[in-house]
Amino acid sequence: MDMNKWLSRYYLVKLKCIFRWILFLVVVTVVTVLLIKQMITKFDPEIITYIGDNRNLTPEDAINRKPLASITGNIIQHSVVGFKLSTAEMMLSDPLEDAKCKPKIYIAFLKVHKTGSSTIMNMLYRYAERFNLNLVLPNSTGGNFNYLGYGTTLNSLQLVPIPAGEKYNILCNHVVYDKLALRAVMPKETLYIGILRDPVANFMSAFSYYGGGRFMQSKVPGKSLSEFDLMRTFLENPRKYNSSGITYYVHNKMSFDYGLDRGDFDKDIAITKFISDLDKDFTLIIILEYLDESLVLLKRLLCWEMHDILYLPTNVRFSPISQQFKTEELSNSTIENLEKYNKADFMLYTFFKQRLLSQISDLKYDFKSEVMQFQVIQTKLADFCRGIPRMGKILTVAASMWHRSFNVTRETCITMMRDELDLVREKILLAMDKYMNWLRTKNKS
């Protein structure tokens, strides 16, 4: 793309981003003021203290820190639903960190639909900003600009380029997984991380989000049914609607995002090989139902600090199905129909859920205590970011055996609550800006 096209696209995106950012700040300010008026809490000195100054480690201090202790790596063995597979060797640093463990800066995270992946994406964006890392981003803000590939895999020609001599560090936007395509862009030392959600909950969320209720209502004219009843009607014979648009979003969608061909959705042998290949490719697959445990494991795997895995749920949408009904309210026959319809997703989830539990149980240090500590911090973070009075402008978390002392500011809270699309637009703008500055410098020399 020539200089003029890059400049025109750059300034257009920049203006849009500035306007959206101002609007976001206004909304956040109003909401914060309202919450402060409504909520009062007592100061709780347990574990966390609140002070008015900030003593965060600099990025250089964090990257070059001297970890204090170590344990050896381990190989996980497991046997699930007919598989007997082993993951690649994982170096899981203990809570006080391996003496040779350095923060990982090459990470590919597969962002899977309706699995809570936006929360992980926000986390990775914050980490990239902290260390000025290169994100893999689409070179457009039009259409499905938050996708690196909409229903398809990565196309290197559609990415924001980076200066010569640099590497991409983090990939975390939506894309269909393809081993060769991603490895053509990411460095060979990249760690591959994924995420999955209980297939029943994932189906219910997708059915609601992508308009399954509206679609089914058109199939039963004259009847006024709840979204939950419409979903159950769909599951009575889901293959009846295979030609409809809704099936794209609810039929083994997680497996599709991981690269399973639609023609293999019902082929046991193909699914088994598909899962076996993923087991070798992905060092960790987060399970949403064990999110905190997964994140503490991620912290050890990537040699991160505790504050790197803090989160506030993002891109959460009210779903009448998932909020008002539990999966237990579905009849056995309905769940059996769903298991047959989404066989690949159920096999995929069952395997990697068991693999995660195996990885956790194999750890030799007190993993549960670290998770509990993380959850205490998360509770305090949620209170702080909601603007509860008497907490001051900075939240300081005292050092423990699991982590160093660190601070959280109100600005961090705002970043954690950023709208995903606005955040992606901003990152695209910054990446374009960086590349354009490099081009200008290059052309002058």
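How many residues apart in helix H17 are Asp422 and Arg425? The two are three residues apart in this helix (residues 420-444), and therefore separated by about one helical turn; helices are DSSP runs of H or I with at least four residues, numbered from the N terminus. The model is predicted, with local features requiring pLDDT of at least 70 and side-chain atom pairs counted only at pLDDT 80 or more, while totals for chains, interfaces and linings use all residues. Residues are numbered from 1 along each chain as its sequence is written, and side-chain values use heavy atoms, without hydrogens and water.

The side chains of Asp422 and Arg425 form a salt bridge with an N to O distance of 3.2 Å (a side-chain nitrogen of Lys or Arg within 4 Å of a carboxyl oxygen of Asp or Glu). Asp422 is buried at 12% relative accessibility, and Arg425 is buried at 12% (buried, under 20% relative accessible area; exposed, over 50%; partly exposed, in between; 1.4 Å probe, protein chains only). The structure holds 19 salt bridges.

In helix H10 (residues 268-281), Asp277 and Lys273 lie four residues apart, and their closest N and O atoms are 2.9 Å apart in a salt bridge. Asp277 is partly exposed at 29%, whereas Lys273 is exposed at 53%.

The largest nonpolar core comprises 93 residues, with Leu154, Tyr258 and Leu295 having the most contacts inside it (a core is a set of buried Ala, Val, Leu, Ile, Met, Phe, Trp, Tyr and Cys residues joined through side-chain atoms within 4.5 Å). Helix H14 (residues 343-361) gives the most to this core, with eight residues.
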